[in-house]
Amino acid sequence: MSPGSYDTPMEVWNQDAVTAARQLIGYRFYVKLGDGSLVGGVITETEAYTADDAASHTFHGETARNSVMFSGAGKLYVYFTYGMHWCANIVTGPDRSGQAVLLRALRPDSGITYMRANRKGRPDAELVDGPAKLCQALRITGDDNGAEINEGRFVLRTPLGRPPTVKATTRIGIRHDQQRLWRFIAISCD
DNA sequence: ATGGGGATCGTCT
DNA sequence: GACGATCCCCATC
């Protein structure tokens, strides 16, 4: 695949979560600040969650918390966990199928100063190397649950360089369906 | 370098 | 009432 031939962000999130999670590695995710500047970087780690997957919030059907995952692709699903952490997902297609891609890590390329301020005292290598750290660095909270990507303050863009090599492994922190290799990690990435 | 446990509260049974 | 799609600190090697 040559530069310029990437699927658009909308084409990516309209697919099922597993396909989208793999493809999103190398895409770029940002929050737009009030002054128009971007904070974020290259997506280097994702996980897929589907409705027939016991590890997913949607496995037991629609509830108040997970309703955004059933409300159409291209939105942000943000949930609160362990009494203190936020985690962010991109809802994928098919619409209303209860699927999403957890954003687990970025390689920062914009707004480092903002991320350092939100992750005070942490070395640069630990600014956005986990799902809750990512939300902390970009100040994503429950207020952002349901936000439409590329229509408001959240920006998803195609890769700049060559597509990365991607490795699939077991997902982190789950008890059920550990045999599914639905965690995707960038090995080499431009 | 690696591993165990505490923090902390919304969500669902 | 139990447990989590986690992180951080501290102990130990």
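Author: Start with the elements: helices (H or I, at least four residues) and strands (E, at least two) are DSSP runs, numbered from the N terminus. Chain A has 4 helices and 8 strands, in the order α-α-β-β-β-β-β-α-α-β-β-β from the N terminus on. The model is predicted, so local features need pLDDT of at least 70 and side-chain atom pairs count only at pLDDT 80 or more, while totals for chains, interfaces and linings use all residues. Residues are numbered from 1 along each chain as its sequence is written, chains are lettered from A and ligands numbered from 1 in the order in which they are written, and side-chain values use heavy atoms, with hydrogens and water left out.

Next comes burial. Buried means under 20% relative accessible area, exposed over 50%, and partly exposed in between (1.4 Å probe, protein chains only). Of the 190 residues of chain A, 47% count as buried. A nonpolar core is a set of buried Ala, Val, Leu, Ile, Met, Phe, Trp, Tyr and Cys residues joined through side-chain atoms within 4.5 Å. In soluble globular proteins, nonpolar side chains tend to be buried together.

Now the core itself. Its 37 residues include Phe29, Ile43, Leu76, Ile90, Leu138, Ile140 and Leu156, and these seven touch the most other members. Take Leu76 as the example, with contact meaning heavy atoms within 4.5 Å. Not counting residues up to four places away in sequence, Leu76 touches Phe29, Val68, Ala88, Asn89, Ile90, Ile140, Asp144, Asn145, Gly146, Ala147, Ile149 and Phe154. A second, separate core has 11 residues, among them Met69, Tyr79, Cys87 and Ala100.

Trp13 also touches some of the residues named above. This residue belongs to helix α1 (residues 9-13) and has a relative accessible area of 8%, so Trp13 is buried. Leaving aside neighbours within four places in sequence, the contacts of Trp13 are Ala73, Gly74, Ile90, Val91, Thr92, Gly93, Ile149, Asn150 and Leu156. Ala54 is 41 residues from Trp13 along the chain, and their C-alpha atoms are separated by 22 Å.

Over the whole of chain A, residues 24 or more positions apart account for 59% of the contacts with a separation of 6 or more.
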